[in-house]
Amino acid sequence: MAEITKQKMEQIAQIWNARGDGLITHMALDIEDVSNEGVQVRMPFNPDFCVDSDQTLLHGGILTALLDSVFGLANFVSIEGVSAMVTLDLRVDYLRAARSRSDVIVRAHCFRKTRHIAFNAGSIWFDGHEDAEIARGTASFALTRGDADLFEVMTEGKAS
Amino acid sequence: MDLQTVNANVSRVPFFRFLNFEVQSLDSLHAEAEMTFETRLIGNPVMVLYHGGIIASFMEATAAIAVHPEFAEVPAKPINLTVDYLRPATKGPLFARANVTRKGKRIASVSVISWQTTREKPVAEGLYHFLLV
């Protein structure tokens with residue numbers, strides 16, 4: 001399987017890190033590893049995402065949001081010639097209480113891509129505790145094929 | 001349980017404050033809430049759409065309140081969820097209605113729909129399970 005070029009990696013990081021004031025920026029995600037086999041992303045601890053007043057227990061919803069975002073990244077990396085991509089459905093299991101102030105690590109990949117659909121799976125754990133997954137999810141995405149690459153569309157959007 | 005007390009509970013949860021929503025109606029099997037649009041909730045900055053994970057989070061929050069509105073410290077414990085995304089959610093308020101399909105001794109099943117202009121055109125629907133023990 002072809003490795004991703006250094007140039008595309010840099011462009012991915014650039015787009016990812018400059019996405020306006022949206023949620024991905026707020027989550028302060030840091031890409032740790034990208035290849036055609038999958039992506040790994042780190043989310044620093046953020047007290048805004050907790051449910052308890054002590055701010056040590058993450059809300060499940062932020063883990064779901066994290067999976068959705070990282071699935072999008074995994075598809076973006078591994079599928080060529082896509083002009084648009086939307087989440088069709090998402091399923092998440094919360095495997096244990098997400099109680100920690102450690103950074104959160106997500107690993108996700110696209111395990112099947114067709115002309116119209118991409119299928120994803122991913123896992124989440126606290127940094128240093130890969131043996132104790134806190135959530136696991138799967139999703140499917142609807143892809144729109146077109147001449148305009150998703151990457152190019154977003155790059156243009158940024159430039160204008 | 002009156003709405004004022006429930007919304008006071010909601011405002012004590014940091015992530016619920018982040019989402020910024022208000023419970024608008026409540027009975028023993030239902031909860032309905034409205035979320036205000038904020039830039040930090042955007043998933044697609046080019047088209048200005050809500051993040052799918054935020055929609056799922058808002059529906060989960062509404063479902064947890066329907067299951068256990070009088071939570072003291074933390075909301076009801078979620079087990080898992082399935083969400084179908086039906087339409088894009090654009091800039092503007094977002095609504096959710098949670099319906100407790102079954103509440104047993106240990107587990108509750110909740111179905112939730114989310115919409116913007118009319119509930120006949122939902123943006124997403126979801127099924128959520130909660131652990132009650």
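1. The radius of gyration used here is taken over C-alpha atoms, and the rule for a globule is 2.2 Å times the number of residues to the power 0.38. Please bear in mind that the model is predicted. For the 133 residues of chain B, a compact globule would have a radius of gyration near 14 Å, and chain B agrees because its own value is 14 Å. The C-alpha trace of chain B spans about 45 × 25 × 25 Å along its principal axes.

2. Chain B contains 3 helices and 8 strands. Read from the N terminus, their order is α-α-β-β-β-β-α-β-β-β-β.

3. How much of chain B is buried? Buried residues account for 44% of its 133 residues. Among the contacts in chain B with a separation of 6 or more, 57% join residues 24 or more positions apart.

4. The two chains touch: 35 residues of chain A are in contact with 31 residues of chain B. On the side of chain A that touches chain B, at least two residues each come from helix H2 (23-27), helix H3 (60-78), strand S3 (82-94) and helix H4 (150-159) of chain A. S3(A) gives the largest share of that side, 9 residues. Sorted by class, the side comprises 15 nonpolar, 12 polar and 8 charged residues.

5. Which strand of chain B pairs with S3(A)? The partner is strand S5 (residues 77-85) of chain B, and the pairing is antiparallel over 5 bridges. Within S5(B), Asn80(B) stands opposite Asp93(A).

Note on methods. Residues are numbered from 1 along each chain as its sequence is written. Chains are lettered from A and ligands numbered from 1 in the order in which they are written. This is a predicted model: local features need pLDDT of at least 70, side-chain atom pairs count only at pLDDT 80 or more; totals for chains, interfaces and linings use all residues. Helices (H or I, at least four residues) and strands (E, at least two) are DSSP runs, numbered from the N terminus. A residue is buried if 20 or more other C-beta atoms lie within 10 Å of its own, exposed if 12 or fewer, and partly exposed in between; C-beta atoms are placed from the backbone. Two residues are in contact if their C-beta atoms, placed from the backbone, lie within 7 Å. Ala, Val, Leu, Ile, Met, Phe, Trp, Tyr, Cys and Pro count as nonpolar, Asp, Glu, Lys and Arg as charged, and the others, Gly among them, as polar. Two strands pair if DSSP finds at least two bridges between them.
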